[in-house]
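Please consult the sequence and the coordinates alongside the text.

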Amino acid sequence: MSVELEAETAVPTVHRLGRRALSLGVAKALDFAIQFLLPVVLVRCLDTEAFGQYRLLWLAVGTVMAVATMDMQAGLYYFLPRSDAPTKRLYINQTLVFLTLTGLVSAWVLSSWNPWLPEKMRGLAEHHGVVPAFVLLWVVASLLDLLPTIEEHVMWQAKTTVGLAALRATALSLAAVLTHELEPVLLVLLAFVAFKVALLLGYVASHHGLQRPILRWSIFADQLKYAAPLGAAGSLYGLRTQADQWVAAALFPLGMFASFSVAAVLGPLMGLCRLSVSCAFLPSMSRLEAAGDIRGMLELNSRANIMVGALLYPLLAFAFVFAEELVTLVYTGAYVDAAPVMRVYIVGLAALVVELASITMLLRQAPFVMWLNLVALVLTVALDWFSAMRFGLAGAALGGVIVLYLDRIATLGRIARHTRVPLRRLQDWRGLGQLVLYSTLSAALAWGTVDRFFAASGPFVRAVVGGLILAAAYGAMHGFRGAGRIWFSADRSPERRV
C-alpha cells in the first residue's frame with residue numbers, strides 16, 4: 001500500500017471529524033462558561049485590591065504563555081501524526097524539557113528575585129514562592145490542553161477539560177467564600193495546577209511511558225526551528241490583538257475604556273468555536289500534507305470553515321443587530337457605549353471564520369506569518385489611533401478590523417502561490433457567501449419585526465423574540481435551499497476522492 005493510500009485511509013470522514021469538533025466545542029464552551037462565572041464569586045468575596053491582584057496575576061500569566069511556550073505544544077500537530085511510537089515519545093519528552101526550562105525562567109521573572117519586576121507586581125511577589133511555583137507548573141501543564149487532541153483522544157480531552165474547569169472553579173470559589181483572602185485562593189490554585197501536572201505525567205506514562213531518551217540535540221534543534229517562528233508569530237499576533245485596547249486606554253477616560261473592553265467579549269467565544277474545529281481537523285490535515293496531498297488538506301480546511309460559518313455567522317448577525325440589548329442584559333445599561341464598538345468587532349470576527357493558521361503552520365510558512373504580524377501590528381496601532389481621534393470610541397477598533405481583512409487577503413495570496421492552487425479554489429467562497437446572505441437576511445427580518453411590534457418591551461423580551469425569529473428564518477432558508485449540502489454534501493472528503 002502506498003504512503004498516499006495509507007494516509008487517505010487513515011483520514012477520518014468529515015462526519016467523524018465534525019463530531020470530534022462538536023465534542024471539543026461543547027467542552028471548551030463549558031470551560032469558558034465555568035471560568036466566566038468564577039469572577040462573579042470572587043468579586044463578592046475578595047476586596048477590590050485583592051481581586052485586582054488576582055486579575056493582574058492572570059494578565060502576567062497570559063503574557064508568559066504567549067512568550068515562554070514558543071508554541072512548542074502546537075508544533076506537535078506537525079510532528080506526532082507522522083512519527084512512530086518511539087519518536088513520538090521523544091518529541092513529547094523534549095517538549096516537557098523545554099517547557100520546564102522556560103517555566104523556570106518565567107517563574108524568576110515574576111518573583112521578588114527579579115530586580116526589574118514592575119512595581120504593581122510587587123504585591124504578588126509578597127506571597128513568597130506561591131506565584132513563581134504556580135507560573136512554573138502552569139507553563140508545564142499547558143501541554144495537557146493539546147496533547148490528547150493531537151493524538152486524537154478527543155473524548156478524553158473533552159472530559160478532562162470540563163472536569164478540570166469544574167474542579168478549579170469549585171475549589172477557588174470555596175477558598176474565597178471561606179476565607180475572603182487572596183493568599184488561600186492562590187494556594188488552592190497552586191494545588192490545582194500541581195494536580196494538573198500529575199495528570200499530564202500520568203497520561204504520558206499511560207500512552208507512551210516515561211522512558212528515555214529525554215532529548216536528542218539534532219531532533220530537538222529541528223523541533224525548535226519549526227516551533228520558534230510560530231511562537232514569534234503568535235506573540236506578535238497577541239500584541240496586535242491588544243493594540244486597540246492600548247489605544248482606547250491611552251485616549252479615553254477609564255469609564256469609556258471599560259465599555260470598550262466589554263465590547264471585546266465575543267472574541268473568546270469565537271476563538272472557542274474556531275479552535276475546537278481546528279484541533280479536530282489538524283491531525284488529519286497534517287497526515288495529508290505529509291503524504292503530499294495538498295489539495296486534500298486544503299479541502300478539509302475549507303469544509304471546516306464552512307462548518308464554523310454555518311454556526312457563527314447567524315450568531316454574529318444576531319449580536320450585531322441586538323448589541324444594545326445584549327450589553328444591557330449582561331453588563332447593565334452603564335456600559336451601553338460598548339454596543340457600537342461591539343458592532344465594529346463583529347465585522348472583523350466575520351473574517352476570522354476563514355481560518356488559515358493551520359495551513360500556514362503545516363506549510364511551514366511561520367516566517368511569513370511572523371513578518372506579516374509585525375507589519376500588521378504597526379499598521380493597526382497607526383490606524384486605530386487615527387480612527388479613534390476621528391470617530392471616537394468605536395474608531396479605536398476600526399483600524400484592527402481593516403488590518404484583519406488585509407491580513408486575510410495577503411495570507412490567501414501566499415498560500416495560493418505556494419500551493420499553486422487558484423485563489424478561487426482555496427475556500428468554498430460560494431458556500432460562505434450563502435451563509436453570510438442567509439444570516440444577514442434573517443437578522444434584518446428579526447430586527448424589523450422586533451422594532452415594529454416590541455419597541456416598548458424590555459431588552460430581555462426583545463433579544464429572546466429576535467433570536468427566535470432569526471433562528472426560524474435562518475433554518476427555513478437552509479431548508480428551502482437544501483443547505484444540508486453545506487455541511488455534508490456528497491461526502492467529498494479526501495478518503496473518497498479519486
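Which residues of H16 are buried? In this predicted model, they are Ala-338, Ala-339, Val-341, Met-342, Arg-343, Val-344, Tyr-345, Ile-346, Gly-348, Leu-349, Ala-351 and Leu-352.

## Helix H16

Helix H16 is mostly covered, with 12 of its 15 residues buried. From the first C-alpha to the last, H16 reaches 21 Å, close to the 21 Å expected at 1.5 Å a residue.

Gly-348 is one of the residues of helix H16. Because its relative accessibility is 4%, and buried means under 20%, Gly-348 counts as buried.

Apart from neighbours within four places in sequence, Gly-348 is in contact with Val-401, Leu-404 and Tyr-405. The C-alpha atom of Gly-348 also lies 9.2 Å from that of Val-403, a residue 55 positions away along the chain.

## Packing of H14 against H16

Helix H14, spanning residues 294-321, packs with helix H16, spanning residues 338-352, at an angle of about 165°, and their axes are 9 Å apart. H14 is therefore roughly antiparallel to H16, since angles over 145 degrees are classed in this way. The crossing of H14 past H16 is left-handed.

On the H14 side, the contact is made by Tyr-313, Leu-316, Ala-319, Phe-320 and Val-321. H16 contributes Arg-343, Ile-346, Val-347, Leu-349 and Ala-350. Classified by residue type, this contact has nine nonpolar residues, no polar residues and one charged residue.

In general, an α-helix has 3.6 residues a turn, so residues three or four places apart point the same way.

## Packing of H5 against H7

The second pair consists of helix H5 (residues 85-109) and helix H7 (residues 130-141), which pack at an angle of about 155° with axes 8 Å apart. This angle makes H5 roughly antiparallel to H7. H5 passes H7 in a right-handed crossing.

The H5 residues in the contact are Leu-96, Leu-99, Thr-100, Thr-102, Gly-103, Leu-104, Ser-106 and Ala-107. Those of H7 are Pro-132, Val-135, Leu-136, Val-139 and Val-140. By class, the contact of H5 with H7 has nine nonpolar and four polar residues, and no charged ones.

Note on methods: Residues numbered from 1 in each chain as written. Predicted model: local features only at pLDDT ≥ 70, side-chain atom pairs only at ≥ 80, totals over all residues. Heavy atoms only, no water. Axes fitted to C-alpha atoms, helices over the stretch in contact; angles between N-to-C directions. Helix = DSSP H or I, 4+ residues; strand = E, 2+ residues; numbered from the N terminus. Parallel < 35°, antiparallel > 145°, perpendicular 65-115°, else oblique. Left-handed = near helix turned anticlockwise from the far one by under 90°. Contact = heavy atoms within 4.5 Å. Nonpolar A, V, L, I, M, F, W, Y, C, P; charged D, E, K, R; others polar. Expected span 1.5 Å × (residues − 1). Buried < 20%, exposed > 50% of the residue type's maximum accessible area, 1.4 Å probe, protein only.
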